[in-house]
Amino acid sequence: MFRPMVKSACAIVCLLAASFALAQSEFSADIVTTGREGGGKKAKIFFGKDKVRIETAGERGMGGTVIMDLTAHTSTMVMDQQRMYMQVPIQMQNQRDPYHFFRTGDVENACADWLALPANKGGTCHKVGTETVNGRSAVKYEGTNAEGKSGTAWLDPKLHFPLKWVSDNGNDWELQNIKEGSQPSSLFEVPAGYKKFDMGGMMQRQQN
């Protein structure tokens, strides 16, 4: 039951960290999927100075929380039902994850950051213009990744972060209910009393 969360966490860490910029705005928002792959699903994102928290809701209460440190390039899964946490190796990334987040230091010239992502080496990028997304001004970009698959992103000039994402694979999403402001440091910490989950030990027991 942990595997989907592991893949999501690692992909988000790698893509965010690859274009992490010093100029930042802290905020919280809902992530709402809008494409053919599970449209209507929601997650919650909290963006601090150099940390990110994403809360997902799964079936039968099997959701979870991922906390990412963009400076240290680390990711931690928090499993509230089990009162446990698990540190996730970055090498376990899955580039097909629906949350292809990336952050840029210059929203008006973001193609360099886009093309610097490992999954986009050899791809294309061009700025389309300015549009309004959910009442906020955004700069629209279109591009392709290394495999030639296309994607469109609308970047918020204040957040330096995508407001909306549309891609070939149908994993589309947008930010809603955005609230700007500093985020409590406690959001990015593992709750006291939670035990560390030994993923290596679990995999070894499954093989025996």
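Let me begin with the basis of the description. The model is predicted, so local features are reported only at pLDDT of at least 70 and side-chain atom pairs only at pLDDT 80 or more, while totals for chains, interfaces and linings use all residues. Residues are numbered from 1 along each chain as its sequence is written, and side-chain values use heavy atoms, with hydrogens and water left out.

Of the 208 residues in the chain, 46% are buried. The term buried means under 20% relative accessible area, exposed means over 50%, and partly exposed lies in between, with a 1.4 Å probe and protein chains only. The accessible surface of the chain is about 10,600 Å², and carbon and sulfur atoms account for 49% of that surface. Such areas come from the Shrake-Rupley method with a 1.4 Å probe, and for residues only the protein chains shown count as cover. If we take contacts (heavy atoms within 4.5 Å) between residues at least 6 apart in sequence, 53% of them join residues at least 24 apart.

Next, the sheet. Two strands pair if DSSP finds at least two bridges between them.

Strand β1 (residues 27-33) runs antiparallel to strand β2 (residues 42-47), and six bridges join them; A29 stands opposite I45 in β2. Strands β5 (residues 74-79) and β6 (residues 84-88) are also paired in the antiparallel sense, over five bridges, and S75 has V88 in β6 as its bridge partner. These two strands, β5 and β6, form a hairpin with four residues between them, and R83 in the turn has a positive phi of about 50°. By contrast, β6 and β12 pair in the parallel sense over two bridges, with K196 in β12 as the bridge partner of Y85.

I now come to the charged side chains. Side chains of opposite charge can pair when their charged atoms come close. The structure holds 10 salt bridges, each being a side-chain nitrogen of Lys or Arg within 4 Å of a carboxyl oxygen of Asp or Glu. One of them joins K51 and D50, at 3.6 Å from N to O. Are these two residues buried or partly exposed? K51 is partly exposed at 25% relative accessible area, and D50 is partly exposed at 25% as well. K51 also forms a salt bridge with D69, with the closest N and O atoms 3.8 Å apart. D69 lies in strand β4 (residues 64-69) and K51 in strand β3 (residues 51-56), so this pair ties together parts that are 18 residues apart in sequence. D69 itself is buried, at 18% relative accessibility.

Another salt bridge joins R136 and D156, whose closest N and O atoms are 2.5 Å apart. This pair links distant parts of the chain, 20 residues apart: R136 is in strand β8 (residues 136-144) and D156 in strand β9 (residues 150-156). R136 is buried at 18% relative accessibility, and D156 is buried at 2%. A network of salt bridges links R136, D156, K158 and E180.

Finally, the aromatic rings. There are four aromatic pairs. Rings of Phe, Tyr and Trp (its six-membered ring) pair if their centres lie within 6.5 Å; planes under 30 degrees apart count as stacked, over 60 as edge-to-face and the rest as tilted. The ring centres of W114 and W165 are 5.6 Å apart and the planes stand at 45°, so this pair is tilted. W114 belongs to helix α2 (residues 111-116) and W165 to strand β10 (residues 161-167), 51 residues apart; both W114 and W165 are buried. Ring pairs also link F27, F47 and F161 into a cluster.

One further ring deserves mention. The charged end of K164 sits over the ring of W154, 4.9 Å from its centre; this term requires NZ of Lys or CZ of Arg within 6 Å of the ring centre and within 35 degrees of the ring normal.
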